[in-house]
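Q: Could you take me through one part of this structure up close? I am new to it and would like to look at the ligand site.
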Amino acid sequence: MKPQVLTIAGSDSGGGAGIQADLKTFQELGVFGTSVLTAITAQNTLGVHGIEAISTEMITRQIDAVADDFSITACKTGMLVDAERIEAVAKALERYRFEHVVVDPVMVAKGGASLLQVSAVEALRTKLLPQATIVTPNIPEAEVLAGMEIRTEADRMKAAQVIRAIGVDIVIIKGGHSNDVEAVDLIVTESEAFRVKAPRIQTKDTHGTGCTFSAALTAELAYGKTLRQAVVDAKRFIHQAIAHGLSIGQGHGPTNHWGHRLAKGEQITIDVMYETSTR
Ligand SMILES: Nc1ncnc2c1ncn2[C@@H]1O[C@H](COP(=O)(O)OP(=O)(O)OP(=O)(O)O)[C@@H](O)[C@H]1O
Ligand SMILES: Cc1ncc(CO)c(N)n1
């Protein structure tokens, strides 16, 4: 049976992030994608021009409709708007207990617009994270979740441990926002910690990188891959999507979700480096 996956996220009318990025990624990776909308954004590569949230009742109905019919093995969440919507999603996830639940704790869009109310961070920490199997913050999101500044690699490891202590098994702190010459993501589990590294591509066209990465990870996990393999394959997918950028729109352009097809035969090195300690 084809793997069936679910995204619970907001719509990006510009097509590069949110539900649209997730479904494009699922399709490219050959899994069947279902979707639950939490909000509609009027958005393009220049910014967010309006947000209309979907009612909690309708969010719950969508999740029930999908979960009652399909065999969802992996699910991801993206933009969740506010505490009320986080609670509705958390309750539904508690009911269905999908094997993999990847929470991308979306807070702010690339142009700076808020996609999650500040007052909702507590609900994210206490209601949603305990339902997650994996959480994928970028560095600013990890700082908010852990309540600390991240300046060094030691800080990043400490923040991952603080977030694990909230009650989520696997923490991936992504390195898209750092100034390093490589894009390095840190993965911390109960028993191990490793970094996954790829060359950083010089481009402003990174709209939706986080959504695309977490959707690729969700798809790879649905295939039953190990965590290490799923992360490496998702990292390759986002690298190829950024590398084969489309140069469209006037702001932060979208990534190219079919970049992996154009990259066939290209050599890219994804390094995996294990840490000797998870502390
Ligand atoms: N310029 C780049 N070159 C190569 N890889 C990148 C680049 N920017 C981001 N990545 C990779 O893309 C993935 C997503 O990371 P990022 O930190 O950009 O997410 P994000 O900030 O949550 O994205 P979004 O803005 O969509 O919310 C990570 O694997 C990261 O290392
Ligand atoms: C709908 C939506 N979800 C997530 C992001 C973060 O990239 C965005 N810009 N828009």
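How far does a polar side-chain atom of Asn138 lie from an oxygen atom of ligand 1?

A: Happy to! This is a predicted model, in which local features need pLDDT of at least 70, side-chain atom pairs count only at pLDDT 80 or more, and totals for chains, interfaces and linings use all residues. Residues are numbered from 1 along each chain as written, chains are lettered from A and ligands numbered from 1 in the order written, and side-chain values use heavy atoms, without hydrogens and water.

The distance for Asn138 is 2.9 Å, where a polar contact is a pair of N or O atoms within 3.5 Å. Lys174 also has a side-chain N or O atom 2.7 Å from an oxygen atom of ligand 1, and for Lys235 that distance is 2.8 Å. Of the 620 Å² of accessible area (Shrake-Rupley method, 1.4 Å probe) that ligand 1 has on its own, the protein covers 95%.

Stepping back, 17 residues surround ligand 1, counting those with a heavy atom within 4 Å of it. Lys110, Lys174, His177, Asp185 and Lys235 are the closest. By class, this shell holds six nonpolar, six polar and five charged residues; Ala, Val, Leu, Ile, Met, Phe, Trp, Tyr, Cys and Pro count as nonpolar, Asp, Glu, Lys and Arg as charged, and the others, Gly among them, as polar.

At least two shell residues come from each of strand S8 (182-188), helix H7 (209-222) and helix H8 (227-243). These elements are DSSP runs, numbered from the N terminus: helices are H or I of at least four residues, strands E of at least two.

Methods: Polar contact = N/O pair within 3.5 Å; in protein donor to acceptor, adjacent residues only side chain to side chain.
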